[in-house]
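Have the viewer open and follow along.

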Amino acid sequence: MIGKELKDLGVLVEENGFMLVKKAVSEGEEIPKHNHPGNNIFFTVVKGKIEITLNDEEKHMMEPGKVLNFNGENYIQGLAKEDTEIFIYLIGR
């Protein structure tokens with residue numbers, strides 16, 4: 001088989017300084033404040049809407065079609081405004 005379909009939740013790929021995570025959050029659910037030192041983060045929503053806060057000050061309303069990129073030294077937290085599915089790409093620096 002040439003291609004591999006990745007459809008589960010959690011860590012889908014982890015190799016050579018790269019990690020791909022798929023997460024689902026329900027409306028009203030929070031993603032607790034955390035960071036990912038040593039990584040460059042690409043955060044994208046494929047379904048729903050979530051408000052992301054970086055370093056307790058910068059807010060981003062994320063929905064399908066947008067990608068949020070930031071240095072993993074910064075802290076991220078979120079609040080799902082709808083049932084939401086997210087892909088997070090962590091690339092080691």
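Y89 is partly exposed at 29% relative accessibility, where buried means under 20% relative accessible area, exposed means over 50% and partly exposed is in between (1.4 Å probe, protein chains only). F18 is partly exposed too, with 28%.

This is a predicted model, so local features need pLDDT of at least 70 and side-chain atom pairs pLDDT 80 or more, while totals for chains, interfaces and linings use all residues. Residues are numbered from 1 along each chain as its sequence is written, and side-chain values use heavy atoms, with hydrogens and water left out.

Rings of Phe, Tyr and Trp (its six-membered ring) pair if their centres lie within 6.5 Å; planes under 30 degrees apart are stacked, over 60 edge-to-face, the rest tilted. That gives one aromatic pair. The rings of F18 and Y89 have centres 6.4 Å apart and planes at 40°, so the pair is tilted. F18 sits in strand 2 (residues 18–25) and Y89 in strand 9 (residues 84–92), 71 residues apart; strands here are DSSP runs (E, at least two residues), numbered from the N terminus.

Five strands make an open antiparallel sheet, ordered 1-2-9-4-7, with pairing taken as at least two DSSP bridges between two strands. Strand 1 (10–15) and strand 7 (67–71) are at the edges with a single partner strand each, so one side of each has no neighbour in the sheet.

Strand 4 (residues 39–47) pairs with strand 7 over five bridges, antiparallel. F42 has N69 in strand 7 as its bridge partner.

Note on methods
Helix = DSSP H or I, 4+ residues; strand = E, 2+ residues; numbered from the N terminus.
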